[in-house]
Amino acid sequence: MPTRKSALLCAASVAVTVMFAGAPGYAQTGAEWPSFGGNQLGTQYSTLTQINTKNAANLKRAWTIKAAGSTPIFVNNTLYSCVEGIGIAYDPETGAERWKADPTAPGPDGKPVSPRRGKDRCRTIVYWQSKTPVAGAPCQKRIFWGDESNKFYAADANTGQFCRDFGTAKGHPGYVTHLDYDNLGQGVNRSGTPVIAGDLMVGGLYTSDAGINPADGFVRAFDVRTGEMKWEFDPILPEYRNRAGAGNIWSTLSADAARGLVFIGTTSLSNDYYGGSRTFDDPLSDAVVALSMQTGKVVWSRQLVHHDLWDYDIPSHPMLATITKGGKKLDVVIQHTKQGYVFVFDRATGKDVYPTIEKPVPKTTVPGDVSSPTQPTTAMEYGLTKLNRDDVFGINAEDRAACLKDFDAATNGKFLPTSAEKPNIIYPANGGGSNIGSASYDPQTNLLLVRYRNTADFVELRKPPAGSNNPHAYFGIFRRWVSPLGVPCTPPPWTELAAFDMGTGKRAWTRPWGQMVEAKGKPLLGKEEWGTPWSTSGPVITAGGIAFIGASEDSYFSAVDVKTGKTIWREKQELAPFAVPMTYMHKGKQYVAVAASGWAAMGQTVGDIVAYSLGK
Amino acid sequence: MSHSRTAASSILATLISAALTACCVAAASAVRAQAPGAASPPTSTDTFDAQVARGQDEYLNACAACHSSDLSGGEIGPPLLGRLFNAKWKDKSAKELYELTRDTMPQGAPNTLTTAAYIDIVALMIKSNEYKVSAPVTEENAGGVVLAP
């Protein structure tokens, strides 16, 4: 029987005192933006002020990179981005390509680093520089990126030549891979998004937690120079590793090098929606986990969903902010979640900074499954919390009738497990609530901005067909809960942007975000106050008082006043910027850039990277 | 996308060996035997609709977690119907769709269903996109089946 206390695992012996000072210049964003979310702390904040609330209306396109990949990072006077397994360097003034590091291209010895690379998009690329550079030697500054062929590549940040000392011991100079190690299951879909912590590159693997017997969600730390694996972390307790897989970190990671901690957010164990095969103690699933950078051991952890039956994986990196509360500056971990709560923990200990309340929730009725009697909640709640029949939406009478038919045929409720008999309307949906990169913290106003959805999923449990290799008694299937025209059945606004005051935990403002422009591939304009039905990612805030954000189907990239939530400027892009933006300063000019390449989940792949600056 | 065929099988080999050396109770023995009763090869008495119905079961079991139960796409997998899908697949052959699906899907465990199961799922995608096809799709005839409305 699982114990379902809000587990605060404490491995007190772990060396929290070990200091790993980051290389100078990249602990703080400023001119540079060396990592997804700004820096390893991931607050999605920049201290730049050249573009501000007074002049943002004058933003003009500075450059465009066509057929490009991820939102770039900016460091070493260079923009770096990645796509389909290739690392690319661009000029920060013009966006012109400097070089490409393609692992399938012949190297100096005529041989490629790898015969194959992934064809997927790339979430981000990361940068490291040696504190003790050897003059004239290559790879004293490195970039790292992952791909769908399960590799993490390393290339010289100045030349784009692969670092042939990296991964050599495993017989493949230029990259490391989780596939060199036992992952205790099938389906390592791709290498996750890495983070740099001191002289380590730490990365998880991405597997389908919906799957039949997925790999365990290993996180591995590799020596940035040699690629030697220094430690690995498996979120599943040793005694249960033969019973379930996943708990994988598919999202971004963060690190506090000064404290010697790497922070990860894990997913549920396999499979989604049905937990009868994992009724054991799994305190490290759906958890924020602080790992020792030195050993990979758990320093503290907080489980944010017990025995997940809703696919509420931790969707984004634990955000390492310094908030002001009760007149004091506090180093905290902020975790926004799919299920619609902001959790705030003390960074060193994992203890509550704002109270976590274990709330009683309905029991599962599915034979063989045992649900948790309570779930962690906080007062900072967002997303749909309740759905009355009268509130079911329809863009016309026919659509509403279809939505009501679904409603009547199904159960619904926040944290209600899906039964074996009836479909279940789950809200927030498995895309949130909030999702990857949905929040940013502004130390000037002490506001946390969160973009989230108020949509739902329509979920059913099925028994695997006869003869199937699926060992689970049930598996869940879901679809977005939409009308025949493809419009959400939940009442609008479907997406909102809200600001929470981190001094009080109260909302400062809330506004609908984005606009519906099509449904099921056909043009269909929604009202502005309805917000966009589908959205992912979120804002980046600058000291100029602006939140830059795309995250809407209408394809606008916008500048919003952080204090009021009002739009100051916006420009439509060819494809929607569903990525987290970045900003940097080069030759006296501030730029803000974002990948405007749509959303893979909408069938879109490569697109533009666009940058804006103030007109002449 | 035939270029990834060999790479895909070598990855598959790795996955299989990973699965075998690991603990995994039920699944290791069945990496290739995903097919439910559905997987029996289409016979001369088979109909397109019967094939689609089998494809539906296969699809829900192996694909819906990412692409959603109505093929409309989820947080991870793109829609397998509608405007963007059509832009890519219209006027291509069922064989091309079958090969891409077999060689890359389910993502992370490609080529783990039987041929018959993949073909049945292709029939489901054909039906869901309202392409004009009425006879059962087979591995042999797929090259001549055009994905046209």
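Over which residues of chain B does pLDDT stay under 50?

**View 1. Confidence in the predicted model of chain B.** In this predicted model, pLDDT stays under 50 over residues 1-40 of chain B, a stretch with 73 contacts beyond four places in sequence. Helix α1 (residues 5-21) of chain B has the lowest confidence in that chain, at a mean of 31, whereas helix α6 (residues 115-128) of chain B has the highest, at 95. Where pLDDT is low, the predicted coordinates should not be read in detail.

**View 2. The disulfide of Cys82(A) and Cys122(A).** The sulfur atoms of this pair lie 2.0 Å apart, and the link is left-handed, with -80° about the S-S bond. Cys82(A) belongs to strand β5 (residues 78-83) of chain A, and Cys122(A) to the loop between β7 (97-101) and β8 (125-129), 40 residues apart. Cys82(A) is buried at a relative accessible area of 0%; Cys122(A) is buried at 9%.

**View 3. The disulfide of Cys403(A) and Cys489(A).** The S to S distance is 2.1 Å. The torsion about the S-S bond is about -65°, so the disulfide is left-handed. Cys403(A) lies in helix α1 (residues 397-409) of chain A and Cys489(A) in the loop between β31 (475-480) and β32 (495-501), so the pair ties together parts 86 residues apart in sequence.

**View 4. Strands β24 and β25 of chain A.** Strand β24 (residues 357-360) runs antiparallel to β25(A), joined by four bridges, and Pro360(A) stands opposite Thr374(A). From β25 (residues 374-377), Thr374(A) and Pro376(A) point one way, Gln375(A) and Thr377(A) the other, and all are buried.

Notes
Residues numbered from 1 in each chain as written. Chains lettered and ligands numbered in written order. Predicted model: local features only at pLDDT ≥ 70, side-chain atom pairs only at ≥ 80, totals over all residues. Heavy atoms only, no water. pLDDT = per-residue confidence, 0-100. Helix = DSSP H or I, 4+ residues; strand = E, 2+ residues; numbered from the N terminus. Contact = heavy atoms within 4.5 Å. Buried < 20%, exposed > 50% of the residue type's maximum accessible area, 1.4 Å probe, protein only. Pairing = 2+ DSSP bridges. Disulfide = S-S within 2.5 Å.
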